[in-house]
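Hello,

Here is the structure for your files. My notes follow below it.

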Amino acid sequence: MFSAATLRIDELPAEERAVYETLKPERLPQHVAIIMDGNGRWAGHRSLKRFLGHQQGAKSVQLVMETASRIGLPWLTLYAFSLENNLRRPRAEVNFLMRLLKSYLESNVQRMMDNNVRMKYIGRTHELPAEVQEKMRWAEEATAGNTGTTLTLALNYSGRSELVDAFRGLFTEMKQKHQSAEHITEEDIRRHLYTAHMPDPDLLIRTSGEMRLSSCLLWQIAYTEIFFTERYWPDFRGIHLLEAIAGYQLRERRYGGLSDSVGEVEEDLDKIKIVTS
Ligand code: FPP
């Protein structure tokens, strides 16, 4: 948990601070996940090449990470590169994204240190190019001692492949322990996910107006509030994160239960008339 001493609200730009001041600090989400989408369209609308959209998207990553750390958001997860992106995009674009990731890490580790941000990854990262993995390890190790926001990049990730990996892990464990399938619990599956060390997201944001989950954290978002915005990722800034949090705070989370404002529930089924017409 963040203590008031680790918050850096005074470092927020004035417009972000104004939104922050409308928030209830005791109801801040613990974990926000973002599906960053719209880099290509952002570039296309400006008659620019797609790679410039990705480059500008990397700037948004930096700025949103900074706002998250200033407000004391413990977990920020960014869906940066899906397994499908890896398989279905032109090789030249995938190569560019890999180079961009490497140079992002190289030039942002100092900023992460300044912001007390810890770098983590989820996904089949062992399938990424060796030199990218090396840079990823370097950034993770350099920031491992930081105690503020944990920034997790989902890379070569998909929720379905994560579940396959979790079931494989669980199956291996069960074989070793000679356990049978009827003893499997939700907790067994949870602890074999890539995200076993973190809480489920409270809020999932998707940019660019697409209303899909695209295999993002499929198990973990069972009770997550979802916020869709038309804004393309390269235009997304800290203030938009804060606005999404403000919207989240207006929602009532019920986790499948009832709200406190619901009155008495009729227990005598014979008294209930079902109207069919
Ligand atoms: C979706 O836009 C975005 C991606 C596939 C890549 C996300 C990458 C970044 C935000 C930049 C680099 C990230 C880091 C962490 C340095 P799209 O290309 O699918 O856009 P479109 O749907 O408009 O074509």
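Is the crossing of α5 and α6 left-handed or right-handed? The crossing is left-handed, a term used if the near helix is turned anticlockwise from the far one by less than a right angle, with clockwise being right-handed.

The model is predicted, with local features needing pLDDT of at least 70 and side-chain atom pairs counting only at pLDDT 80 or more, while totals for chains, interfaces and linings use all residues. Residue numbers run from 1 along each chain as its sequence is written.

α5 and α6 (residues 130-143) pack at an angle of about 10°, and their axes are 10 Å apart. Axes are lines fitted to C-alpha atoms, for helices over the stretch in contact, and angles run from 0 to 180 degrees between N-to-C directions. The helices are therefore roughly parallel (angles under 35 degrees). Residues of α5 that meet α6 include Met98, Leu101 and Leu105; from α6, Val132, Met136 and Ala139 are among those taking part. Contact here means C-beta atoms, placed from the backbone, within 7 Å.

Around the ligand there are 19 residues, of which Asn39, Gly40, Arg41, Gly57 and Tyr104 come nearest; a residue is near if its C-beta atom, placed from the backbone, lies within 6 Å. α3 (50-70) is among the elements that supply at least two residues of this shell, and α3 gives the most, with 4.

The chain has 9 helices and 6 strands, taken as DSSP runs (helices H or I, at least four residues; strands E, at least two) numbered from the N terminus.

Regards

Technical notes. Parallel < 35°, antiparallel > 145°, perpendicular 65-115°, else oblique. Contact = placed C-beta atoms within 7 Å.
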